[in-house]
Amino acid sequence: MRYRYISDSHTHTDSSRDGVDPATMLCEQAASLGLYALTVTDHCECEVYEQEEYDRSVVQSYFEACKAQAVFRGRLRVYAGVELGQPLHDEEAAQTVLHACDFDFVLASVHALRGRQDFYFMEYTDEESAYQLLEEYFDELIRVTDWGHFDSLAHLTYPLRYMVGSGLTIDLSRFAPKIDVILSRLVAKGKALEINTSGLRQAIGKTLPDIDIVKRFHELGGKYITLGSDAHRWADVGAGIEEGLALAQKAGFDHFCVYEQREPHLLPIT
């Protein structure tokens, strides 16, 4: 099925440390695929905001996204966003970022626990130690949703990308109460839940989160869904978004949203 509106609200350019291509290349791919909109959401890892010069790269990313807006006007809607990683590990840095640029969209994410490296770099050898990490991960997400200075919560279940990729079998049902707290607080604060399609390109083979959690978000009264490929190179722009739309529809949603000037704009899933 070909959807009328296809938008990618989670992409990374070479302004992210792990990004490869400039914003114009991502936008060119999005335009060639017929996407309705693309949002640039380069990384800002708050706990190393100044040490790793995110204070510079965030502004550069915003500047490049604004340039792309002008270049692609009439062909593609381009929005300037940011992905705030670990905002509560340095809340002052997070607030500085939020006031540094006139962002259209703010994603919140947790890539690492306090005092630990990114889940991407960790080794996973047994389920029980993985479950302990997940306990801490969901606790941190509860605190982030309480904080609430963002628009959409990125890739809930992010650690599963790497835990499952390492061959572990993880049963998320033991975390259902904490996940319900996270989803309920998103609903109460009028925040969006992201369907991140990167897992479809990885060993896990599922969106982050998968349909069970997206369906539960709808059951709890969730209104806003965003979709993002989490592309770090031009070739992955839009990857899996149509599958994500089908999943959202199956979970009970008839709209998804794109953010402009921090306001959600609902688009039909048709």
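Modeller: A residue counts as buried under 20% relative accessible area, as exposed over 50% and as partly exposed in between (1.4 Å probe, protein chains only). This is a predicted model in which local features need pLDDT of at least 70 and side-chain atom pairs count only at pLDDT 80 or more, while totals for chains, interfaces and linings use all residues. Residues are numbered from 1 along each chain as its sequence is written, and side-chain values use heavy atoms, with hydrogens and water left out.

Biologist: Why is D230 called buried?

Modeller: The relative accessible area of D230 is 5%, and the limit is under 20%, so D230 is buried; R161, at 9%, is buried as well.

Biologist: What makes R161 and D230 a salt bridge?

Modeller: The closest N and O atoms of R161 and D230 are 2.5 Å apart, whereas the criterion is a side-chain nitrogen of Lys or Arg within 4 Å of a carboxyl oxygen of Asp or Glu. R161 lies in helix 5 and D230 in the loop between strand 7 and helix 8, so the pair ties together parts that are 69 residues apart in sequence (helices are DSSP runs of H or I, at least four residues, and strands runs of E, at least two).

Biologist: How do you know that R216 is partly exposed?

Modeller: R216 has 31% relative accessibility, and therefore counts as partly exposed; the side chain of R216 also meets that of E219 in a salt bridge (3.4 Å, N to O).

Biologist: Why is D236 called buried, and what is R233 called?

Modeller: At 13% relative accessibility D236 counts as buried, whereas R233, at 43%, is partly exposed, and their side chains meet in a salt bridge (3.0 Å, N to O).
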